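Here is a short briefing for a first look at this model.

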Amino acid sequence: MAKNETELLALLRELDDPERLERPLHYDREATGLTFNGLVRRLEADFGASCESQRDTGDSSEYGRVHIPADATVCGTRIVVCVSKFGSLAEVCADNPGAFLGTDEAHEEGALDLGDLATVERALADLGYVSVPEELLESDYDGPSRLEHFSAQPSWWTRFFGTVW
């Protein structure tokens, strides 16, 4: 079920443990990997293409990424799905995180088809992921974790998908 911005912010705050920046207390690497593998297989089947993936990212709160190739999408722009080690959080981006100010802008600029986005969002929901819009993740971080080692104002993306050291 899709969550509204208020519910998503509440979830981000709930998952934010200042004692554990890289992964949550009861993180199950094996289970996370199995679900991620299922996501890769599902997206490959849904898009009829082999999807490159990176997984088990070290020194980061991000678990991994799936890249849906440009030639498998309607608009000819690759889609990147980022998965966090926290609470099955996920983010969907056209081209790369930060390439657009979110999926709305990517769609408006002709880089992301809404049908392709719906296909990815459906796969995420079916596998128990919570999709968080890039626009929300890029908002200023105001949680309890100490992230002062970042030179700029950290964002929620920094907290749940970025390098933590």
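The structure holds 9 salt bridges, a salt bridge being a side-chain nitrogen of Lys or Arg within 4 Å of a carboxyl oxygen of Asp or Glu. This is a predicted model, in which local features need pLDDT of at least 70 and side-chain atom pairs count only at pLDDT 80 or more, while totals for chains, interfaces and linings use all residues. Residues are numbered from 1 along each chain as its sequence is written, and side-chain values use heavy atoms, with hydrogens and water left out.

**Arg159 and Asp16**

- Arg159 and Asp16 form a salt bridge through their side chains, at 2.6 Å from N to O.
- Arg159 lies in helix α6 (residues 156–161) and Asp16 in the loop between α1 (5–15) and α2 (29–47), so the pair ties together parts that are 143 residues apart in sequence.
- Helices here are DSSP runs (H or I, at least four residues), as are strands (E, at least two), and both are numbered from the N terminus.
- Arg159 and Asp16 are both buried; buried means under 20% relative accessible area, exposed over 50%, and partly exposed in between (1.4 Å probe, protein chains only).

**Arg42 and Asp126**

- A salt bridge joins Arg42 to Asp126, and the closest N and O atoms are 2.9 Å apart.
- This pair also links distant parts of the chain: Arg42 sits in helix α2 and Asp126 in helix α4 (residues 114–126), 84 residues apart.
- Arg42 is partly exposed, at 25% relative accessible area.
- Asp126 counts as exposed, at 51% relative accessibility.

**Glu22, Arg23 and Lys85**

- A network of salt bridges links Glu22, Arg23 and Lys85.
- Within it, the side chains of Arg23 and Glu22 meet at 3.5 Å, N to O.
- Glu22 is buried, with a relative accessible area of 15%.
- Arg23 is partly exposed, at 39% relative accessibility.

**Helix α1**

- Leu8, Leu9, Leu11, Leu12 and Leu15 are the buried residues of α1.
- They cover an arc of only 160° around the axis, so they lie on the same side of α1; the arc is that of the directions from the helix axis to the C-beta atoms.
- Thr6 and Glu14 are exposed, on the face of α1 turned away from its buried side.
- The cover over the buried residues of α1 includes β4 (89–94), β5 (130–131), α5 (134–137) and α6.
- Asn4 caps the N-terminal end of α1, with a side-chain oxygen 3.0 Å from the backbone nitrogen of Thr6.

Definitions and conventions:
Contact means heavy atoms within 4.5 Å. A polar contact is a pair of N or O atoms within 3.5 Å; within protein, one must be able to donate a hydrogen and the other to accept it, and residues adjacent in sequence count only if both atoms are side-chain atoms.
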